[in-house]
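Below is a short note with numbered points, meant to be read beside the sequence and the coordinates.

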Amino acid sequence: MKNEYAVQLSNISKIYQDGDQENLVLKDISINVKPGEFIAIVGPSGSGKSTFLSIPGALLSPTEGTVIIGDTKLNKNERKKLTKIRREKIGFIFQSHHLLPYLTAEEQLQLIIDLNKKNGKPAMNAKEMLEDLGLTACAKKYPAKMSGGEKQRVAIARAFMNNPDVILADEPTASLDGIRGRQVVEMIKKEVIKHKKAAIMVTHDERVLDLVDAVYRLDNGELKRTVK
Ligand SMILES: Nc1ncnc2c1ncn2[C@@H]1O[C@H](COP(=O)(O)OP(=O)(O)OP(=O)(O)O)[C@@H](O)[C@H]1O
Ligand SMILES: [Mg+2]
């Protein structure tokens with residue numbers, strides 16, 4: 001039977017070992033996200049938001065707890081499986097855009113197609129994706145020649161290229177003004193609704209919280225749902 005949830009995190013704790021100091025960053029966090037659901041995580045700097053997002057992103061393993069993406073339970077010892085999940089199921093938008101400096105916008109997207117050719121997923125079209133996101137003028141540009149907002153939107157286009165079930169965005173509006181920040185979150189929302197994706201966004205930006213279905217606050221390692 002297919003899992004009702006796209007992301008299932010149960011009793012997640014994360015401890016960073018810092019010399020002989022233990023830093024308990026996440027304490028017994030459980031949360032489920034369904035396809036078509038867009039949630040936001042807010043919290044002060046250093047509260048563990050990026051750490052939290054890296055766990056469903058299959059970039060970091062929790063110290064305790066279970067992570068299920070679609071029907072697959074992640075296991076930190078199965079590195080190949082983690083890579084496959086990352087490549088096929090997850091679209092990660094990083095806190096800074098992480099574009100490759102020596103590729104144009106179109107080439108950044110084409111790279112994802114090339115990496116995914118083997119797994120038989122129907123390839124998205126890089127040109128169409130850029131067009132969809134209003135980035136045609138950037139197709140042949142290198143990141144150094146793009147504005148902050150353009151770079152962030154290309155990073156989002158890239159995260160959508162593998163047609164992921166789960167979109168994870170770490171402060172996608174951080175480098176943008178209010179209007180452009182909102183456009184970026186609206187792009188994610190559109191994708192969530194149109195293609196029934198599950199999305200988790202970490203943000204400091206209170207002005208975009210009306211666009212999500214639920215807001216959670218991370219404080220002192222604990223995650224609590226807040227009233228919007
Ligand atoms: N790789 C690591 N090793 C050890 N400690 C880490 C590591 N990454 C983060 N930390 C610590 O864990 C805590 C949470 O960091 P994290 O980056 O998850 O916070 P954040 O909420 O994303 O902050 P910001 O809003 O500034 O991006 C911080 O105290 C940080 O110093
Ligand atoms: Mg962070």
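1. With 9 C-beta neighbours inside 10 Å, Ala-144 counts as exposed, where a residue is called buried if 20 or more other C-beta atoms lie within 10 Å of its own, exposed if 12 or fewer, and partly exposed in between, the C-beta atoms being placed from the backbone. Ala-144 sits in the loop between helix H4 (126-132) and H5, helices (H or I, at least four residues) and strands (E, at least two) being DSSP runs numbered from the N terminus. The C-alpha atom of Ala-144 is separated by 9.9 Å from that of Leu-100, although the two are 44 residues apart along the chain.

2. On conventions, this is a predicted model, in which local features need pLDDT of at least 70 and side-chain atom pairs count only at pLDDT 80 or more, while totals for chains, interfaces and linings use all residues. Residues are numbered from 1 along each chain as its sequence is written, and chains are lettered from A and ligands numbered from 1 in the order in which they are written.

3. The largest nonpolar core has 59 residues, and those with the most contacts inside it are Leu-130, Ile-156, Ala-157, Leu-168, Ile-188 and Ala-199; such a core is a set of buried Ala, Val, Leu, Ile, Met, Phe, Trp, Tyr and Cys residues joined through C-beta atoms within 7 Å. Helix H5 (residues 148-160) gives the most to this core, contributing six residues. Beyond its neighbours within four places in sequence, Leu-130 is in contact (C-beta atoms, placed from the backbone, within 7 Å) with Ala-105, Glu-106, Leu-109, Leu-135, Thr-136, Cys-138, Ala-139 and Ala-157.

4. H5 also packs with helix H6 (residues 178-195), at an angle of about 10 degrees and with the axes 10 Å apart, the axes being lines fitted to C-alpha atoms, for helices over the stretch in contact, and the angles running from 0 to 180 degrees between N-to-C directions. That makes H5 roughly parallel to H6, a description given to angles under 35 degrees, whereas those over 145 count as roughly antiparallel, 65 to 115 as roughly perpendicular and the rest as oblique. On the H5 side the contact is made by Gly-149, Gln-152, Arg-153, Ile-156 and Phe-160, and on the H6 side by Arg-180, Val-184, Met-187, Ile-188 and Glu-191. By class these residues divide into five nonpolar, two polar and three charged, with Ala, Val, Leu, Ile, Met, Phe, Trp, Tyr, Cys and Pro counted as nonpolar, Asp, Glu, Lys and Arg as charged, and the others, Gly among them, as polar.

5. Around ligand 1 are Tyr-16, Asp-18, Asn-23, Val-25, Gly-43, Ser-45, Gly-46, Ser-47, Gly-48, Lys-49, Ser-50 and Thr-51, a residue being near a molecule or strand if its C-beta atom, placed from the backbone, lies within 6 Å of it. Strand S1 (7-18), strand S2 (21-33) and helix H1 (49-54) are the elements that give two or more residues to this shell, and the largest share, three residues, comes from H1. The shell around ligand 1 has two nonpolar, eight polar and two charged residues.

6. Asn-163, in the loop between H5 and strand S7 (166-170), has a positive phi near 50 degrees, and Lys-196, in the loop between H6 and strand S8 (198-202), has a positive phi near 55 degrees.

Key: Two residues are in contact if their C-beta atoms, placed from the backbone, lie within 7 Å.
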